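Trainee: I am new to this structure. Please take me closely through its aromatic rings.

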Amino acid sequence: MLPVARICVDVPLPHLDRPFDYLVPTTLDAAAVPGVRVKVRFAGQVADGFLLERVAESGHGGRLQFLDKVVSPEPVLRPEIAALTREIADRYAGTMSDVLRLAVPPRHAAAEKTSAAAAPPVPSPDQGAPDPGSPDVPSSGVPASDGPASTAARTAGIPAVAVPAVSEAGWRRYPAGPALLRALGDGRRPHAVWTALPGEDWPARLAEAAASTLAGGRGALIVVADARDLDRLDAAMTGALGGPGAHVALSAALGPAERYRRFLAAARGRVKVVIGTRAACFAPVADLGLVAVWDDGDDLHAEPRAPYPHARQVLLARAEQAGCGVIVGGFARTAEAQQLVEAGWAIEVAAGRDVVRRHMPQVVTVGEDDQMARDPGAVSARLPTAAWRAARDALLRDAPVLIQVPRRGYIPSVACAECYTPSRCPNCSGPLALPSATAPPSCRWCGRVAAAYACPECRSRRLRASVVGARRTAEELARAFPDTPVRTSGRDGVLATVPGEASIVVSTPGAEPVAPGGYGAVLLLDTWALLTRADLRGTEEALRRWLNAASLCRHTGTVVVVADASLAVVQALVRFDPGWLAARELADRRDLGFPPVVRMASLTGAPAAVADLLAAAKLPQGAEVLGPVPAADGQERMLVRTGRSGGRALALALRSAAGLRSARKATDPVRVQVDPLDLL
């Protein structure tokens with residue numbers, strides 16, 4: 001009897017989201033090993049797929065087709081990654097083939113052939129998954145041992161890497177820091193939520209954690225939000241691990257050949273440390289001992305393609321699967337990270353208040369209208385006097401000044417100067433903007449110029465700025481400080497670093513460049529634009545953006561935030577205490593029934609299609625349906641809410657309903673998102 005191969009066929013239809021059995025012909029018996037790419041006949045056409053496993057016989061009673069072709073003998077899908085993709089597909093109501101497209105990069109034949117010969121792939125270690133309900137962390141904060149396997153067994157088949165001695169000096173400022181490093185070096189599995197100190201060299205700390213893990217004979221996987229953070233972490237890893245050959249960095253910015261070559265280095269077991277952006281959370285790291293995510297509140301960690309998984313959740317699922325350590329780090333803290341701490345699943349790695357006060361800059365709060373007209377320079381720069389003086393003093397000390405403006409462009413929103421009615425495009429009703437000081441207003445949606453625009457309410461042709469963008473702010477500052485260079489960092493051009501000399505840097509949130517030695521002053525302007533966002537995570541996101549900018553300031557410098565000092569989020573910034581605000585946010589969401597305390601799914605589509613999917617779904621007991629509310633293009637949106645214990649059942653019910661609709665060949669799609677970021 002011919003052997004049978006179980007194949008995950010690349011088909012997007014939910015009702016076909018299961019493995020299919022194929023016979024393995026004698027000519028392909030040696031090459032058809034688990035993890036290889038294959039081609040099979042499916043529904044009369046040739047389809048791609050991955051070979052998941054070989055079995056002695058099939059449970060299918062009918063006639064089986066033969067495997068057509070083994071595309072490459074390279075096993076690119078390790079068994080633990082296949083299990084992870086199945087878990088993520090089930091959690092997010094998606095299909096395994098969709099997740100596999102995120103997990104395994106496209107094949108590049110030339111890179112595969114020209115890669116240096118390497119050791120055979122390393123078998124998956126036999127590790128049990130920890131129970132999040134019984135965290136492997138005692139109340140003392142020192143992780144307990146889980147009886148790690150021997151180093152010799154863990155490193156079988158992997159080239160030895162000489163790791164320099166790991167220094168604990170940087171982690172000693174955190175009471176639980178040294179114990180965290182020792183636990184990783186001993187092969188244990190600590191879970192930590194790390195709140196970094198202001199001005200912390202976070203790439204160096206993560207590199208030290210990876211080096212400790214590697215010294216214990218296990219691998220590490222660290223995920224950051226963007227390419228700038230990845231470059232900083234890459235440089236720190238090179239220093240900590242003794243050279244560039246001990247790790248690889250994966251990101252979508254790499255070309256297809258280079259990305260696949262680095263992926264193969266990890267898949268073949270040539271490196272045990274992988275860093276990268278969100279897609280790297282599926283990287284095939286052998287014998288995983290640590291997964292870490294930096295700044296998990298950044299929305300770049302959320303995949304924009306179906307089934308929309310979040311890198312933090314993928315890494316947590318992977319830690320459960322591999323029984324490895326976890327670090328969720330950042331200058332701020334999300335409600336999801338706070339929940340890990342309050343549930344006892346993770347320990348809090350944070351410095352004491354006395355240490356925080358020694359490392360943090362002075363934070364000054366100024367109301368929007370306070371002290372605005374006392375100095376001519378402050379008026380021309382559109383700054384409150386306290387902010388203008390902080391910038392002037394820093395420049396006199398030959399230090400750079402960072403100014404965070406939450407809107408890009410010149411004037412991204414305008415209104416009638418007479419009646420204050422927002423100006424809309426006559427063609428598509430999109431918002432009008434001024435791209436420069438001399439250009440006429442144009443639509444931000446359709447791009448049409450509205451040179452003859454007149455207010456529909458009062459017929460006035462005069463316009464005023466509703467929101468001032470980064471480029472207009474830079475123009476005003478250049479007039480106020482004529483002898484000082486003014487740089488901008490944002491969508492049109494992101495700066496990685498700036499010189500540590502007198503200059504002004506105007507940046508949008510997330511694009512702040514690093515200055516050697518830190519900034520002499522950081523000014524946070526137009527804070528209302530962040531605080532008034534109709535978003536469940538608006539307050540949390542505002543603090544995250546402010547702390548990321550403020551942490552670039554020298555401890556002798558000044559941070560000026562133009563906001564009401566009585567707001568809780570502003571108080572958290574003044575004290576550099578993100579854990580306090582995260583606890584408040586989590587308590588509020590618990591009272592209101594919002595994630596992460598509950599699980600939610602969003603259904604968006606034509607009204608009839610959404611109703612059809614909900615009618616077909618066998619929702620778990622106690623599930624609550626909210627809506628509908630209008631969405632874009634005549635669609636509607638509905639929410640389904642359930643307790644955390646029913647989250648998996650909810651996702652499976654929605655995927656099953658989507659499968660029934662696809663089996664009936666329903667043509668109107670419904671976008672299903674589990675735990676969406678944009679709930680409001």
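**Aromatic rings**

Mentor: Arg575 lies over the face of Trp580, 4.4 Å from the ring centre; a charge counts as over a ring if NZ of Lys or CZ of Arg is within 6 Å of the ring centre and within 35 degrees of the ring normal. Arg91 is likewise placed over the face of Tyr92, at 5.2 Å from the ring centre. This is a predicted model, in which local features need pLDDT of at least 70 and side-chain atom pairs count only at pLDDT 80 or more, while totals for chains, interfaces and linings use all residues. Residues are numbered from 1 along each chain as its sequence is written, and side-chain values use heavy atoms, without hydrogens and water.

Rings also pair with each other. Rings of Phe, Tyr and Trp (its six-membered ring) pair if their centres lie within 6.5 Å; planes under 30 degrees apart are stacked, over 60 edge-to-face, and the rest tilted. The count comes to nine aromatic pairs. Tyr174 and Trp194 are edge-to-face, because their centres are 6.0 Å apart and their planes stand at 85 degrees. This pair links distant parts of the chain, 20 residues apart, with Trp194 in strand 6 (residues 191-195); strands are DSSP runs of E, at least two residues, and helices runs of H or I, at least four, numbered from the N terminus. Tyr174 counts as buried at 0% relative accessibility, where buried means under 20% relative accessible area, exposed over 50% and partly exposed in between (1.4 Å probe, protein chains only). Trp194, at 1%, counts as buried too.
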